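Visitor: I have not seen this structure before. Could you take a close look at a single part of it, and then show me how the rest is arranged?

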Amino acid sequence: MTTTDTAEAPPPEPLQEHFDATIAHDRRIEPRDWMPDGYRKTLIRQIAQHAHSEIIGMQPEGEWITRAPSLRRKAILFAKVQDEAGHGLYLYSAAETLGADRADLTERLIEGRQKYSSIFNYPTLSFADVGVIGWFVDGAAICNQVPLCRSSYGPYARAMVRICKEESFHQRQGYELLMTMMRGTEAQRAMVQDAVDRWWWPSLMMFGPPDDASPNSARSMAWKIKRHSNDELRQRFVDMTVPQAEKLGVTLPDPELRWNEERGHHDFGTPDWEELTRVIKGDGPCNAQRIQRRRSAHEEGAWVREAATAHAAKQAARAAKGAAA
């Protein structure tokens with residue numbers, strides 16, 4: 001019998017059993033661990049979409065940096081947009097641990113082969129929109145993303161810890177801006193209410209389609225990539241937001257919104273799912289504009305990437321020459 005130093009790889013069955021046991025016991029899957037192809041593909045799709053959303057999400061509020069009403073508001077907004085860029089980088093790095101290529105993910109986004117959150121395809125018409133995005137959009141992100149800190153995939157879960165801390169600050173900053181405006185003039189209060197009216201329903205759609213029309217949710221939950229269904233997260237967001245709206249002094253634009261004592265939750269109306277489908281397919285108010293700006297930024301930044309690559313190659317050559325000397 002001939003022996004070798006290289007151990008034979010275990011058959012697929014024990015690997016699958018070990019993976020299933022890891023998930024069942026709420027332990028983390030790490031990049032070097034064996035994982036089913038479906039698990040890897042689902043993670044890449046979800047993490048890439050999340051990363052794209054952070055990068056595209058810089059645009060709606062970024063449009064107001066040069067038009068902010070004060071230096072303080074400009075600095076706050078600048079810092080927030082910079083945070084979103086950092087979130088995108090964390091998430092692209094997490095996707096790379098699964099074997100994804102960042103350049104390929106960017107190309108897929110620009111070519112329309114990968115998606116980003118539908119919420120960022122709506123225009124920001126006034127500075128009150130900046131506050132409502134912080135309150136609604138970042139608030140919805142907190143509901144959705146805090147459970148991801150317990151995701152079964154280690155790099156994704158760890159990236160979410162810092163992201164959620166910063167999103168929590170963004171949500172409070174947005175709410176503080178709206179509180180300030182609501183203490184202002186009648187025109188400012190009307191501006192806030194108008195922004196609330198326009199962003200409420202798109203914010204509810206952020207959580208995705210209803211559970212019975214969401215083909216990916218059940219599998220992601222079975223693998224503990226995500227912990228709660230779309231409808232559960234949407235309900236949490238509504239229950240969280242209603243008392244905040246009362247404190248702020250605005251009306252949420254839903255005539256069906258009321259407390260249900262029996263359920264212990266708020267009842268609310270049904271979002272326009274046909275609108276969500278149109279926006280996801282590229283027919284939203286700002287889809288073309290968002291992708292065009294991302295494409296332009298990518299093309300205009302090519303020289304930076306080329307210079308960085310050349311510098312890295314030069315450094316590697318110097319290191320190799322020094323080692324050989």
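Guide: Setting aside neighbours within four places in sequence, leucine 98 is in contact with Met35, Arg40, Leu43, Ile44, Ile47 and Tyr153, where contact means heavy atoms within 4.5 Å. The model is predicted, so local features need pLDDT of at least 70 and side-chain atom pairs count only at pLDDT 80 or more, while totals for chains, interfaces and linings use all residues. Residues are numbered from 1 along each chain as its sequence is written, and side-chain values use heavy atoms, with hydrogens and water left out.

Leucine 98 sits in the loop between helix H4 (71–96) and helix H5 (102–110). Helices here are DSSP runs (H or I, at least four residues), numbered from the N terminus. With a relative accessibility of 4%, leucine 98 counts as buried; that word means under 20% relative accessible area, exposed means over 50%, and partly exposed lies in between (1.4 Å probe, protein chains only). Leucine 43 is 55 residues away from leucine 98 along the chain, and their C-alpha atoms are separated by 8.1 Å.

Next come the nonpolar cores. A nonpolar core is a set of buried Ala, Val, Leu, Ile, Met, Phe, Trp, Tyr and Cys residues joined through side-chain atoms within 4.5 Å. The largest one has 43 residues, and Trp135, Phe136 and Phe237 are among those with the most contacts inside it. Two or more residues each come from H4, helix H6 (127–145), helix H7 (154–182), helix H8 (186–205) and helix H10 (230–248). H6 gives the most, with ten residues. A second, separate core of 27 residues includes Met35, Tyr39, Leu91 and Ile163. Met35 is also one of the residues that leucine 98 contacts.

Phenylalanine 237 touches Phe136, Gly139, Ala140, Cys143, Trp200, Ser203, Leu204 and Phe207, leaving out residues up to four places away in sequence. Glutamine 235 lies in helix H10 and is buried at 11% relative accessibility. Beyond four places in sequence, glutamine 235 is in contact with Arg263, His265, His266 and Phe268.

Charged side chains also pair up. The structure holds 17 salt bridges, each a side-chain nitrogen of Lys or Arg within 4 Å of a carboxyl oxygen of Asp or Glu. In one of them arginine 227 meets aspartate 26 at 3.1 Å, N to O. Arginine 227 is in the loop between helix H9 (217–222) and H10, and aspartate 26 is in the loop between helix H1 (12–24) and helix H2 (37–56), so the pair ties together parts 201 residues apart in sequence. Arginine 227 is buried, at 19%, whereas aspartate 26 is partly exposed, at 47%.

Arginine 73 forms another salt bridge with glutamate 176, with the closest N and O atoms 2.9 Å apart. This pair links helix H4, which holds arginine 73, to helix H7, which holds glutamate 176, across 103 residues. Arginine 73 is buried at 9% relative accessibility, and glutamate 176 is partly exposed at 30%.

The last topic is the cysteines. Counting as a disulfide any pair of cysteine sulfur atoms within 2.5 Å, the total is zero. Cysteine 149 is buried, with a relative accessible area of 19%, and cysteine 286 is buried at 6%.
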